[in-house]
Amino acid sequence: MVSSADTIVAVATPPGTGGVGIVRVSGDATERIARAMLGSLPEPRTASKRVFRNRGGDELDAGLALYFPAPASFTGEAVLELQGHGGPLVISSLVDAIVELGARHAAPGEFSQRAFLNGKLDLIQAEAIADLINAGTAQAARAALRSLSGDFSKAVTALAEQLIRLRMHVEAAIDFPEEEIDFLSDDLLQRRLSECGGAFSLLQNEVQQGRVLRDGFQLVIVGKPNAGKSSLLNLLSGQDAAIVTEVAGTTRDILREQIDIDGLAVELVDTAGLREDPDRVEAEGIRRARTALQNADAVLWVQDASSAEAGEIDEPLPPNVPVTVVRNKIDLCNDAPQDTAVNISAKTGAGLNALRARIRELAGYENQGRGAFTARKRHLHALERAAMHFATGRTALEEAQAGELLAEELRLSQHALGEITGSVSSDELLGRIFSEFCIGK
Ligand SMILES: Nc1nc2c(ncn2[C@@H]2O[C@H](COP(=O)(O)OP(=O)(O)OP(=O)(O)O)[C@@H](O)[C@H]2O)c(=O)[nH]1
Ligand SMILES: [Mg+2]
């Protein structure tokens, strides 16, 4: 267990006024602070009604006190929670009194960091707490809860164990060189390699979905002026958010709308129509549209189906970003072609369901209702690195019978997986992760 030389204090409830405000203390001095403020130590894990006093004995507030002796607490250290009246002055007087008694103000995420360092949570779970609090849709909240309960961690650990078994197999082969050839070409090894490869793709897929659930999905709407981009934004968001006129070049600023498609949080981005020879203001709008394209998770290219110039894609779009052509104003056409484009009318709403389905597809999002957990870019990147080492090692074996190389790549792969759960982690990584939390978490 990590020694908690410092005792930390923070307000656990949001700033402002409320019925109740909670102050949380964690660390070695907690017991002493509790005695000083409450007169005596409350019975562990039982709500006791107490008067809260400062060091000089002045009464600050009265409320509920909860004491959790180490190690059976959130942080694994002795923890005291004071639930007082939720006024900013009352709460800050409690914090001041606790600081006077020897605690210091907690850094952002420090409670969760201590929980991690004391083995109460792994890194995925600590991050899931922040994701649960910040979840934007009910599905994202449920998925964060699943990460918090350990579903994601279990999947990573299971994959790490498969890698360990493989490594043991390969290293045994290296230790007995006279039998190496047999060992490395036997069926069991091949089977384990392909099982592991399958497990990697499965988990990568789940983590990708988890990332979209957590971060939402940025969908940028582009096309020629007057194609109906702003009308499409209004249709998808169900609101009259963007100005729509028959004047080409209506939209100049970037407009963002949050929508929820069956639990998938989508940020719709409406942009200025792309064309040659715009005026000065419009030119700035077009520049912003191009910047927005660089951050897109997917692009909708809107065309005016009623116009002779269809508005084919003539804009360099970012590579690796899926693009869907949306043919708009089909209410004005007799026969819109049936191809990979989505035919809609932003005016009548025709084709809206097909478009929503296409957006879900673009996000790689299936509303399975079960099993999904939240994940972060950090997890996805570490997993990609792990998969890359695994693939490199596999190739080394297949092409050069290089058992040592395979063993080394498996070790690196396992190490990358360890970064996800935090079983291997650097101070720098931890600092970066926990500093994103709010104070009091
Ligand atoms: N009939 C019909 N008219 C549409 C449809 N969608 C948009 N319009 C009309 O087309 C014109 C342009 O629509 P906007 O939504 O402003 O087009 P935009 O692509 O945002 O245009 P800019 O912001 O100028 O680039 C308006 O007069 C709309 O009413 C549609 O599906 N059917
Ligand atoms: Mg517009």
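Helix α2 (residues 88-100) lies across β1, β2 (18-26), β3, β4 (59-68), β5 (79-86) and β6. Its angle to β2 is about 15 degrees. Helices (H or I, at least four residues) and strands (E, at least two) are DSSP runs, numbered from the N terminus. Contact requires C-beta atoms, placed from the backbone, within 7 Å. Axes are lines fitted to C-alpha atoms, for helices over the stretch in contact, and angles run from 0 to 180 degrees between N-to-C directions.

The model is predicted: local features need pLDDT of at least 70, side-chain atom pairs count only at pLDDT 80 or more, and totals for chains, interfaces and linings use all residues. Residues are numbered from 1 along each chain as its sequence is written, while chains are lettered from A and ligands numbered from 1 in the order in which they are written.

The strands form an open sheet of six, in the order β3-β4-β5-β2-β1-β6. Pairing is mixed. Edge positions go to β3 (48-53) and β6 (104-105); each has a single partner strand, so one side of each is left without a neighbour in the sheet. Two strands pair if DSSP finds at least two bridges between them.

Strand β1 (residues 8-11) runs parallel to β6, with two bridges between them. V9 has H105 as its bridge partner in β6. The loop between β4 and β5 holds P71. A cis peptide bond joins A70 to P71, with omega about 0 degrees. Most peptide bonds are trans.

Strands β8 (residues 255-261) and β9 (residues 264-270) are antiparallel, paired over seven bridges. I261 is bridged to L264 in β9. Two residues separate the strands of this hairpin, and one feature stands out there: D262 has a positive phi near 50 degrees. Further along, β10 and β11 run parallel and share six bridges. W301 finds its bridge partner, V325, in β11. Strand β11 (residues 323-328) is also parallel to β12, joined by two bridges. R327 pairs with N343 in β12.

## The ligand site

What surrounds ligand 1? A shell of 23 residues does, and the closest are G228, S230, S231, T251 and G273. A residue counts as near if its C-beta atom, placed from the backbone, lies within 6 Å. Helix α9 (residues 229-237) gives the most to the shell, with three residues.

The shell divides into seven nonpolar, eleven polar and five charged residues. Ala, Val, Leu, Ile, Met, Phe, Trp, Tyr, Cys and Pro count as nonpolar, Asp, Glu, Lys and Arg as charged, and the others, Gly among them, as polar. The loop between β7 and α9 contains N226. N226 is not a glycine, yet has a positive phi of about 75 degrees. Most residues other than glycine have a negative phi.

## Overall layout

The protein has 14 helices and twelve strands. An automatic or database assignment sets the domain bounds. They are domain 1 (8-120), domain 2 (129-212 + 373-425) and domain 3 (217-296 + 298-362). The C-alpha centres of domain 1 and domain 3 are 52 Å apart.

The C-alpha atoms fill a box of roughly 85 × 75 × 40 Å along the principal axes. The radius of gyration is 28 Å, whereas a compact globule of 441 residues would have one near 22 Å. That radius is taken over C-alpha atoms, and the globule rule is 2.2 Å times the number of residues to the power 0.38.

Key: Two residues are in contact if their C-beta atoms, placed from the backbone, lie within 7 Å.
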